[in-house]
Amino acid sequence: MSAEGLRSAIDKMTEAGVDPVEIEVFRHYYSELESGATGLIAEDSISPLTEVDRLADQHPDPEQSREALAQTVMIKLNGGLGTSMGMDRAKSLLPVRDGKTFLDLILQQVRSARETHGARLPLLLMDSFRTRADTLAVLADQADLPVGDLPPDFLQNFEPKLRTDDLTPVSWPADESLEWCPPGHGDIYPALLGSGILDRLLEQGFRYASVSNSDNLGAAPDPVLAGWFAASGAPYAAELCRRTVNDRKGGHLAVRRSDGRLILRDTAQTADDEMHFFTDEHRHPFFHTNNLWWDLQRLREVLVERRGVLGLPLIRNTKTVDPADSDSPEVFQVETAMGAAIEVFEGATAIVVDRSRFLPVKTTNELLLLRSDCYRVRTDGTLEATTDSTPAVSLDSAYYKKIGDFDARFADGAPSLREATSLQVQGDFSFGADVVVRGKVELDGGAEQQRIEPGTVLGG
């Protein structure tokens, strides 16, 4: 049945106009799935990565750093809809500070770096078929953004969801768009090659790429990092941060014992009975930020040699075809992680960066922090912490998980969190203007909404 499933899947992709490079990548992972691969990485197959150079100890020549930034392109992953937060369009279009969205602040960062360092610094977004239209509508008014004839974006590929019982493409006439899924952000490599964008970047004199998620405003253009990477001569590098007890779920790098290569291990690649190893911040002391640096020429050489198939470790996600319907058919979504490519490149390296390079927003907990006085926006669009440590925020998912519910409960703005060590909210509370949180605060209510009146000081 699996041979028929592969044939049906390829026919479906060809009919939908999927790029031939992506079809070959899909064929590779279908074969792995058929053979029973799970993508799990056993603890006894790796050694912890415990010694990594720090960016703070690097001092590249300032002029060489400027030259490296002048040859750098900024690439942002922009394929996420923010569905976990109840959004139905690109997450980068979510307002973060003073009415400015992630995308607004990214554009401000790029423009400021261009002006300060005299770099062309093109910005490229990898959009998905779900985020592209809304994003391009916003960028249409940015007349100064394009560099040469480079487009503002390229499109992430898509592939069919596969039934878990027979590996055939699932059929869902109630909403045919749910028959498809993105192949994870590891698809960025075949997408760059198949779209021709990689060749165009090289033809126009760009040698390096700084790549990150669009919801991480910490990953701003940085000439020091560019200078360090260029001087390293490495084909590929990952930015790491030191783990704390709050970073136990983040992916980490390790050394594969069989060949000494650096590899990335994510949560989905860890067996349940080995999660205690994965989450041990002392055993695996650095987490992977998903901020990457590539030598574009070396990347192209490897992609061409492998015909677009880097062979990144499989991530097999089991879901239902309709995420909102638990009774709908169970499917596999075959994905790969962008950061897993570190194992492909001989001489790949890593660098430990300051925590300010990692400010992702995956939930409304992080969004509340960014909207609070724990951060301020500099004139260059970067965020500056106003406290030595960031308070822990935990909001009741029943009332704050979706962005509409969250905004309604903080309609008068985020409370002051500068003097807080933690804020835990259980139950339904709305907050008035100028509320101040001090020290450790726990609010415990019920389903009936309660009001924290304007000017209230909680704790302290």
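**The buried interior and its sheets**

Modeller: Of the 460 residues of the chain, 53% count as buried, a word that stands for under 20% relative accessible area, while exposed stands for over 50% and partly exposed for the range in between (1.4 Å probe, protein chains only). This is a predicted model, in which local features need pLDDT of at least 70 and side-chain atom pairs count only at pLDDT 80 or more, whereas totals for chains, interfaces and linings use all residues. Residues are numbered from 1 along each chain as its sequence is written, and side-chain values use heavy atoms, with hydrogens and water left out.

The chain holds 13 helices and 25 strands; these are DSSP runs numbered from the N terminus, with helices (H or I) of at least four residues and strands (E) of at least two. The radius of gyration, taken over C-alpha atoms, is 23 Å. The globule rule, 2.2 Å times the number of residues to the power 0.38, also gives 23 Å for 460 residues, so the chain is as compact as a globular protein of that length. Along its principal axes the C-alpha trace spans about 65 × 60 × 50 Å.

We now turn to the interior. A nonpolar core is a set of buried Ala, Val, Leu, Ile, Met, Phe, Trp, Tyr and Cys residues joined through side-chain atoms within 4.5 Å. The largest one has 67 residues, of which Ile-75, Ile-188, Tyr-189, Trp-294 and Leu-296 touch the most other members. Helix α2 (residues 20-34) gives the most to this core, with 6 residues. Apart from it lies another core, of 65 residues, including Met-74 and Leu-383.

Helix α2 also contains Glu-22. Glu-22 is buried, with a relative accessible area of 1%. Leaving aside residues up to four places away in sequence, Glu-22 touches Met-13, Asn-157, Glu-159, Pro-183, Asp-187 and Pro-190, where contact means heavy atoms within 4.5 Å. Glu-22 and Gly-194 lie 172 residues apart in sequence, yet 7.7 Å apart in space, C-alpha to C-alpha.

Strand β2 (residues 72-78) is joined to strand β10 (residues 208-213) by 6 bridges, and the two run parallel; two strands count as paired if DSSP finds at least two bridges between them. Ile-75 stands opposite Val-211 in β10. Both strands belong to an open sheet of 7 strands in the order β6-β5-β2-β10-β14-β11-β17, with mixed pairing. At its edges stand β6 (153-155) and β17 (349-352), each with a single partner strand, so one side of each is left without a neighbour in the sheet. Helix α8 (residues 223-232) lies across β2, β10, β11 (236-242), β14 (286-295) and β17, running at about 70° to β14. Such axes are lines fitted to C-alpha atoms, for helices over the stretch in contact, and angles run from 0 to 180 degrees between N-to-C directions.

Another open sheet has 4 strands in the order β20-β21-β23-β25, with parallel pairing. Its edge strands, β20 (392-395) and β25 (457-459), each pair on one side only. Strand β21 (residues 416-426) is joined to β20 by 4 bridges, and Ala-392 has Ser-422 of β21 as its bridge partner. Helix α11 (residues 364-371) lies across β20 and β21, at about 130° to β20.
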